[in-house]
Amino acid sequence: MAFLEKKPRKWGDRRDGLWVRDLPGLNAVIAFLWPRRTECEAYLQQTIDVTELLRFIEKKNAEHPEYKTTLFHCVVTAIFRMLNERPKMNRFVQGGRTYERDEITAGFVAKRKFTDHSEESLMLLTAQAEDTIDTVSKKIIGDVKEARERKETAGIDNILDILGAFPMPFLWAFIRFIRTLDYWGKVPRALTDGDMNYASVSITNLGSIKCPSVYHHLGNYGTTSVFVSIGTIHKEQLVMEDGSLQIRDVVDLGVTVDERIADGFYFARSWKLVKHICAHPELLDKPLCEESGYEYQ
């Protein structure tokens, strides 16, 4: 299948999205009835069987011991594929209009050290047409390693450190100005590049710190319409397709979405695709531009 490509901008488009001009009237009006993203949150808690996925990861790491593929890498890759095949999930509402991105990005936070006082770095990963689980793993490992080895903050982290040191009145005025620019899609690239608030999806891997998945709110600043929290891997008894009961490895995903970008039926089908990919991890070895072949039910 085709992968997202940068398209020329027309009047009304934003730098980070194309104005969806053919929305049904209901969707167009809802953007004004509930203008704040935090007023339009829908939450889904989904338990995913990752037994086959963990076997896939174990085999992958045995073949490539120089870098370790993790569950987090697999979930990111699965979500990338879903966003490409389900383009409405890659939309956002800002300034009373609905926009669709022509790139797929995932934002997350990396702790420099696993200590209470360790600093955090904002990370933004952009998907490419030929990406597979191998390339996504290498990108994430490389970006996190670079962030943890840096002695000083850089990029958006450095800008935030500078702003945080300004007097409160100046900071309030500056933030109000930036939020106005955000409404019209005019925030400078220096503030949006690398900021997970402008990602297609933000992901937090709570399983890495032994925490269960949780509800995580969306934000009114930025354009992120989907937030995913990954919980810990645990055992659970499941009813299999043949009616038998088995103890399987599962993980809970908490998904918060802006209900203005699509309807519940579309949301449910989209996350069924993620669940299908985790049950058939061989799909993670296929480039994102290739169709998954999943039959939506």
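Student: What is the volume of the largest cavity?

Tutor: The largest cavity has a volume of about 50 Å³, the space filled by probe spheres set on grid points joined across faces, edges and corners. This is a predicted model, where local features need pLDDT of at least 70, side-chain atom pairs count only at pLDDT 80 or more, and totals for chains, interfaces and linings use all residues. Residues are numbered from 1 along each chain as its sequence is written, and side-chain values use heavy atoms, leaving out hydrogens and water.

Student: What makes it a cavity and not a pocket?

Tutor: On a 1 Å grid over the protein atoms alone, a 1.4 Å probe fits in a cavity but cannot get out, whereas a pocket is an open set with protein on both sides within 12 Å along at least five of seven lines. The count is one cavity of 30 Å³ or more.

Student: Which residues line the largest cavity?

Tutor: R14, R15, D16, D182, G185, K186, V187, T192 and Y198, each with an atom within 4 Å of a point. Five are charged (Asp, Glu, Lys, Arg), two nonpolar (Ala, Val, Leu, Ile, Met, Phe, Trp, Tyr, Cys, Pro) and two polar (the others, Gly among them).

Student: Which element gives the most to the lining of the second largest pocket?

Tutor: Helix 8, with five residues. That pocket has a volume of about 590 Å³ and 19 lining residues, with D49, E241, K275, A279 and H280 nearest its centre.

Student: Why are helix 3 and helix 8 called oblique?

Tutor: Helix 3 (residues 71–85) and helix 8 (residues 264–279) pack at about 140 degrees, axes 9 Å apart. Roughly parallel needs under 35 degrees, roughly antiparallel over 145 and roughly perpendicular 65 to 115, with the rest oblique; the pair is therefore oblique.

Student: Which residues of helix 3 and helix 8 meet?

Tutor: A78, I79, R81, M82 and E85 meet S270, W271, L273, V274 and I277, with contact meaning heavy atoms within 4.5 Å.

Notes. Axes fitted to C-alpha atoms, helices over the stretch in contact; angles between N-to-C directions. Helix = DSSP H or I, 4+ residues; strand = E, 2+ residues; numbered from the N terminus.
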